[in-house]
Amino acid sequence: MSRTGKKPITVPAGVTASVEGGQISVKGPKGTLTMPTADDISYEVGDGTITVKPANDTKRAKAFWGMQRTLVQNLVTGVSEGFSKKLLITGVGYRANAQGKKLKLQLGYSHDVDLDVPEGVEVKTPDQTTVEISGNDKQKVGQFAAEIRRWRKPEPYKGKGIKYEGEFIFRKEGKKK
């Protein structure tokens, strides 16, 4: 039995959900998101709630139950509140600048790193060492944040690099003489 799967998903005011044609679609103030439904899972849209249950008693249905409920919850949260990640850049000369649909990073390489911002994701740079990524699709926001971080992961000696806000970097002591 899935503890996560048992919980019904509450749909806030201003958000509508529907299941039709093998897809679940959720519409809200921040846009519309759709997701294909799993065959082994049944989705019921009620009055202000969505319930996710296994359609049969197979091992696959039980395994997918909690995950599918979480994915539907992410759709509802995305169209009502949205998701955001904040990256902090540490290092001398390291900086970021958002220019429309491009993000320009200067990370100590001999060249600037230009990244195209994916569709449905918004990037802001309030200052040169902070990058704020927001959007209604949790997977796209997290993936783009990971792609930015991949260019210069934080190193353990001086802590230079790109890290998530609130992330702890284990610091090491330097070499002794």
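This report walks through the domains, an open sheet, a hairpin and a pocket.

## Ground rules

You're looking at a predicted model, where local features need pLDDT of at least 70 and side-chain atom pairs count only at pLDDT 80 or more, while totals for chains, interfaces and linings use all residues. Residues are numbered from 1 along each chain as its sequence is written, and side-chain values use heavy atoms, with hydrogens and water left out.

## Two domains

The chain splits into domain 1 (9-81) and domain 2 (83-164); the bounds come from an automatic or database domain assignment. Taken over C-alpha atoms, the centres of domain 1 and domain 2 are 31 Å apart.

## The open sheet

Strands here are DSSP runs of E with at least two residues, helices are runs of H or I with at least four, and both are numbered from the N terminus. Two strands count as paired if DSSP finds at least two bridges between them.

On those terms, there's an open sheet of 4 strands in the order β11-β12-β7-β13, paired antiparallel. Its edge strands, each pairing on one side only, are β11 (121-124) and β13 (161-164). From one strand to the next, the twist averages 25°, with axes being lines fitted to C-alpha atoms and angles running from 0 to 180 degrees between N-to-C directions. β7 (residues 83-90) and β12 (residues 130-135) are joined by 6 bridges, and Ser 84 has Ser 134 in β12 as its bridge partner.

## The β9-β10 hairpin

Strand β9 (residues 102-106) runs antiparallel to β10, with 4 bridges joining them. The hairpin has 6 residues between the strands, and Gly 108 takes a positive phi near 85°.

In a regular strand, side chains alternate between the two faces of the sheet. For β10 (residues 113-116), Val 113 and Leu 115 make up the covered face, and Asp 114 and Asp 116 the uncovered one.

## The largest pocket

A pocket here is an open set of points on a 1 Å grid over the protein atoms alone, where a 1.4 Å probe fits, with protein on both sides within 12 Å along at least five of seven lines; lining residues have an atom within 4 Å of a point. The largest pocket has a volume of about 200 Å³, that being the space filled by probe spheres set on the points.

Which elements give two or more residues to its lining? They are β4 (31-36), α2 (59-80) and α3 (138-150). Among the lining residues are Leu 33, Met 35, Phe 83 and Lys 138. Domain 1 and domain 2 each supply at least three residues to this lining.

Conventions:
Buried < 20%, exposed > 50% of the residue type's maximum accessible area, 1.4 Å probe, protein only.
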